[in-house]
Number of protein chains: 2
Amino acid sequence: MKAEIIAVGSELLTPDRLDTNSLFLTAHLNRLGIEVVRKTVVSDSLDDIRNAFREALDRAEIVISSGGLGPTQDDRTRDAVSRLLGRRLELNDSVLRDIEQRFRQFGRKMAEINKRQAMVPEGATILENSRGTAPGLWLESGERIVILLPGPPRELQAMFETEVEKRLARRTPAVRLHHRQLRVAAMPESEVDQRIAPIYTAYPEVETTVLAAPGDIEVHFRIWSADAVAADHRLEELQQRAALAIGASVYSKDGQTLEEVVGRELMLHQATLAVAESCTGGLVAERVTRVAGSSAYFLGSVVCYSNELKIVMVDVPADLIASRGAVSSEVAVALAEGIRRRTGATIGAGITGIAGPSGGTPEKPVGTVHIALAGATPTRERELHLTGDRERVRWQAAQIALDMVRRYFLEGPSLRANGKG
Amino acid sequence: MKAEIIAVGSELLTPDRLDTNSLFLTAHLNRLGIEVVRKTVVSDSLDDIRNAFREALDRAEIVISSGGLGPTQDDRTRDAVSRLLGRRLELNDSVLRDIEQRFRQFGRKMAEINKRQAMVPEGATILENSRGTAPGLWLESGERIVILLPGPPRELQAMFETEVEKRLARRTPAVRLHHRQLRVAAMPESEVDQRIAPIYTAYPEVETTVLAAPGDIEVHFRIWSADAVAADHRLEELQQRAALAIGASVYSKDGQTLEEVVGRELMLHQATLAVAESCTGGLVAERVTRVAGSSAYFLGSVVCYSNELKIVMVDVPADLIASRGAVSSEVAVALAEGIRRRTGATIGAGITGIAGPSGGTPEKPVGTVHIALAGATPTRERELHLTGDRERVRWQAAQIALDMVRRYFLEGPSLRANGKG
């Protein structure tokens, strides 16, 4: 089965915005055995939208759009599709009540323009929006299915998962996409590929993709197959062999993020974490606390951007900063040990470095970062020389700090026996 | 003048890859006065490519593609376009010599398949590739211009800048895109639109777009015009009127982010900021320190996720947490005043709340957030009831905290006179 995706929105034709909904939609459609054969971005113009849907319906059985369902004059997807399919738009009382209700719930009065969102083409099925006011729409025309989804990613994603997936699953054939992955921390893409290429080339039926972000590599293995058992077996074998070849840098086989894996390990060992971070500016804390329930193992962080705060809040000796510099191995260790002592955490992490663009010197160029980890075992410390701009240096430093916490727990039962340290 | 962009490549129809070349191309085309009216992603199939070009040439004067010019069997853009335009493909000796030369330069022998890259449609102009082997191609057909560029961004970008831009500049009219914007903090999209719709509808020649993120709205005004002075004048007038209608919630007229504006205000007033944040988990600090040079005004943050840290690091009285709860107006105030006292910052911000998904109660549901700001004036405090998932609640809370810092400086000279507080 073939699908096309249409992203509606003039802003998506500017240099400022990219349609990213299509990645989510493609992943979910593939799993249902539906191949995406074309993606189109069109403006908010009624004619452009109508033409894009007309052409797409000539080629594909399923056409899914995102955007253009909001309350404003610019939101014309409903109108364009109704006209194309020759359906009248009618005010749907039940949808209108839902929208009014949602506004009331937040103590606001519905603006008149929001009524537009309650206009529904004849014969359409309404797809409930649990995260916003614009409902989605499911229309059938002959053998074709047209699905109109809202543009905001969190609304689109929730709607697809709760309203669209089950309806599509009833229509789709037995050939499905089967998928496994590996996530790898702090290993260069070329090294990952060098280690696993001899393995994955022996699985020509599997499509292997290596995606690289700074300090974070994803390896995806995919097979289209009607035989789920055989496909899973092959994928599992390949995933295991590749994971062995990469070694301890593999942090996840199920798509968990590094901060989720760190959280899981901390929970498992009934351990707690506290951080004193300078150049990462709160990014480590922010990533750890993205995970729901992180208050069970994360005590907190001191973002000690000034030297004063390093001294006052984390007990870094002033003369150590004076003699070694704020960006030094010694200060990283003092930060890690200081925050651990102050908070009573099982593990204390300390990070100090130069994110740039300014602040570098010949001896300590931009990208110099020291990370220390204090725990039940002797404090360990790493000196990094990271490349890239400010954002990239900060991201990589946070990534390696989190990976050091993960690896802390790889070290065997002697450590675990220390429990809460 | 109108252009369409076609990205060729089956990998761009998987969940892993996004066409980003179109952003670069759009920015450069817009500056030349060329509007991008559609973007399409197609597979490597000969038919799909040919159809996409055929349709695009029906609509737009310029069609630019990326990808499908490499040496492998999958690279079919040359073939597809030659067939569509009825041009024979011929081996071009000069291109072939260039490719052979490039291989020799890197000490490698040219593989036979690379000859494919030297096949040029009759009548095409060759666009030199300074960073790779695949040359680009410029074809004209009647009034239409077809430009085939390689897929790798660094090859495409260099080729566009050195080979394409000058050729297009000769063809394009004086009409250019002119642009202004407003950024608005913490006002719902519908309210922004209600306030400015009566204004922008009186400027039918201006294309107005309202882009909404949680707690952050962008309003873009664009005119295509050959008269730069008149266009700028109209845009400025509209921008001013819209800004007046929205009021103090407008934080930027030049595209600066909220954290950049906050940084600018702090610098301007020689003030410093310190934060004690709980539910935002470091996000406020992380956003403030995204800005290069933020160490000049940002002292740091205590991410006091545990009650213990609120007490020990920010001097929140333990009995206050016991009597009012960690998520309360009183604790927010204690956090703001405590971090200000501890660090000596001009402004101390305190944030405490329930980001969810768990932790809510009937009295304090998920999304309840208290933010306090302590400075030279009496401490102010806001109670928020935010909606959405964990990420959204955190983002909005950080947004409003930053906006409160910005508004602190809107309050007139009496405050400013207090200087460093």
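Predicted model: local features only at pLDDT ≥ 70, side-chain atom pairs only at ≥ 80, totals over all residues.
The contact between them takes 8 residues from domain 2 of chain A and 12 residues from domain 3 of chain A, two residues being in contact if their C-beta atoms, placed from the backbone, lie within 7 Å. The side of domain 2 that touches domain 3 in chain A divides into 5 nonpolar, 2 polar and 1 charged residues. Here Ala, Val, Leu, Ile, Met, Phe, Trp, Tyr, Cys and Pro count as nonpolar, Asp, Glu, Lys and Arg as charged, and the others, Gly among them, as polar.

Residues are numbered from 1 along each chain as its sequence is written, and chains are lettered from A and ligands numbered from 1 in the order in which they are written.

**The sheet of chain A**

Next, display strands S10, S11, S9 and S12 of chain A, which form an open antiparallel sheet in the order S10-S11-S9-S12. Strands (E, at least two residues) and helices (H or I, at least four) are DSSP runs, numbered from the N terminus, and two strands pair if DSSP finds at least two bridges between them. At the edges are S10 (207–213) and S12 (250–252) of chain A, each pairing on one side only. Within the sheet, 10 bridges join S9 (residues 176–185) to the antiparallel S11 (residues 216–225) of chain A. As a landmark, pick A:Ala185, which stands opposite A:Asp216 in S11(A). Helix H7 (residues 228–246) of chain A packs on the sheet, touching S9, S11 and S12 of chain A, and its direction makes about 10 degrees with that of S9(A). Axes are lines fitted to C-alpha atoms, for helices over the stretch in contact, and angles run from 0 to 180 degrees between N-to-C directions.

**Between the chains**

Show both chains: 59 residues of chain B are in contact with 61 residues of chain A. The side of chain B that touches chain A has 24 nonpolar, 21 polar and 14 charged residues. Strand S2 (residues 35–42) of chain A and strand S2 (residues 35–42) of chain B run antiparallel, joined by 5 bridges. A:Arg38 stands opposite B:Val42 in S2(B).

**Backbone details**

Select A:Pro357, in the loop between S15 (347–353) and S16 (368–374) of chain A. The peptide bond from A:Gly356 to A:Pro357 is cis, with omega near 0 degrees. In chain B, a cis peptide bond likewise joins B:Gly356 and B:Pro357, with omega about 5 degrees.

Then move to A:Gln270, in the loop between helix H8 (258–268) and strand S13 (273–277) of chain A. Its phi is near 45 degrees, a positive value in a residue other than glycine. Most residues other than glycine have a negative phi. A:Gln270 is exposed, with 12 other C-beta atoms within 10 Å; a residue is buried if 20 or more other C-beta atoms lie within 10 Å of its own, exposed if 12 or fewer, and partly exposed in between, with C-beta atoms placed from the backbone.

Finish at A:Asp315, which has a positive phi of about 60 degrees although it is not a glycine.
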